[in-house]
Amino acid sequence: NSYLLKIYKRIAEMPLTNSATAYGSVTKTFHWLIALLIVSNVALGWIASDLAHEVEGSANEALIDRASLLFSIHKTTGVAIFFAALARIGWAISQPKPGLLNGDRPLEARAAQTAHWLLYGSLVLVPLSGWVHHAATSGFAPIWWPFGQTLPFVPKSEAVSETAATLHFLLQWVMVAAIGAHVAGALKHHVLDRDATLRRMLPGRGDAPEPPAGRHGPGPLIAALVLWSVALGA
């Protein structure tokens with residue numbers, strides 16, 4: 001109880017908005033909520049896909065129902081991630097962004113910013129491509145919400161469905177790689193550099209020293225676009 005009370009007090013101390021040196025509670029909530037949803041949904045998607053291979057050609061109704069259930073959860077969570085990501089990006093645009101604590105190390109800072117661009121894009125593109133795939137096909141594993149199973153401008157089409165499914169498959173690996181790079185960078189900052197990069201995203205105020213200056217222009221965005229192009233060109 002005392003540990004939970006301590007966490008509650010740390011959360012209560014957090015300001016809602018960002019500052020030049022710290023993230024606010026809204027940003028942190030978005031970060032950890034979306035992280036939890038993504039990790040859960042990636043694992044769920046792999047399990048459901050494996051089960052789908054077992055279902056092919058099977059007359060086992062229990063197995064088919066289980067696969068449909070898992071895919072419905074996966075799709076519904078994906079739609080939730082899509083809207084949470086849009087809200088997260090909208091909030092980020094409205095807020096100051098604390099500077100990188102490795103801003104005086106250009107190569108490392110550019111790599112971190114490239115990973116961030118890949119993550120932001122993936123949070124929208126991965127669920128959207130899956131949603132288009134769902135809307136272009138018919139019948140299996142509905143999304144659990146009251147707004148129907150179709151999307152505007154997306155026809156029922158095998159070609160559209162297959163294209164969207166391929167994009168979903170490729171983009172998910174870009175997302176997984178970006179998440180891996182993001183986690184590795186955070187651990188590197190925490191364990192090797194011993195700076196406040198990771199602590200700034202944990203409950204509590206998480207203030208850090210004034211970040212060193214570093215201006216890196218559009219390079220990270222261009223690098224992210226190149227990586228997406230390479231993945232899609234495959």
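This is a predicted model: local features need pLDDT of at least 70, side-chain atom pairs count only at pLDDT 80 or more; totals for chains, interfaces and linings use all residues.

Student: Okay, so what is the N to O distance between the side chains of D193 and K188?

Tutor: The cut-off for a salt bridge is within 4 Å. The side chains of D193 and K188 do meet in a salt bridge. Their N to O distance is 2.9 Å.

Student: And how many salt bridges does the rule give?

Tutor: Side chains of opposite charge can pair when their charged atoms come close. Besides D193 with K188, the pairs include E108 with R105, at 3.6 Å from N to O. E108 also meets K188, at 3.0 Å. By this rule, the count is four.

Student: How many residues apart are E108 and K188?

Tutor: These two form a salt bridge with each other, and the pair links distant parts of the chain. E108 is in helix α4 (residues 106–136), while K188 is in helix α5 (residues 158–193). They are 80 residues apart.

Student: Is K188 buried, partly exposed or exposed?

Tutor: Buried would need under 20% relative accessible area, and exposed over 50%. K188 has 26% relative accessibility, so by those cut-offs K188 is partly exposed.

Student: Which residues do salt bridges with shared partners join into one network?

Tutor: Follow the partners along: R105 pairs with E108, E108 with K188, and K188 with D193. D193 is partly exposed, at 25%, and R105 is partly exposed too, at 33%. The network joins R105, E108, K188 and D193.

Student: What about nonpolar side chains: how much accessible area does the surface patch have together?

Tutor: The patch is formed by V183, L187, V191 and L192. L187 is found in helix α5, and this residue is partly exposed at 46%. Together the four have an accessible area of about 380 Å².

Student: Now helix α6: which helices do its buried residues pack against?

Tutor: Helix α6 covers residues 219–233 and reaches 21 Å from its first C-alpha to its last. Its buried residues are P220, A224, W228 and A231. They cover an arc of only 80° around the axis, so they sit on the same side of α6. The helices they pack against are α4 and α5.

Terms used: Residues are numbered from 1 along each chain as its sequence is written. Side-chain values use heavy atoms; hydrogens and water are left out. Buried means under 20% relative accessible area, exposed over 50%, partly exposed in between (1.4 Å probe, protein chains only). Helices (H or I, at least four residues) and strands (E, at least two) are DSSP runs, numbered from the N terminus. Patches are made of residues with over 30% relative accessible area and no salt bridge: like charges are joined within 9 Å, nonpolar side chains (Val, Leu, Ile, Met, Phe, Trp, Tyr) within 5 Å. Accessible areas come from the Shrake-Rupley method with a 1.4 Å probe; for residues, only the protein chains shown count as cover. The expected span of a helix is 1.5 Å times one less than its number of residues. The arc is that of the directions from the helix axis to the C-beta atoms. Contact means heavy atoms within 4.5 Å.
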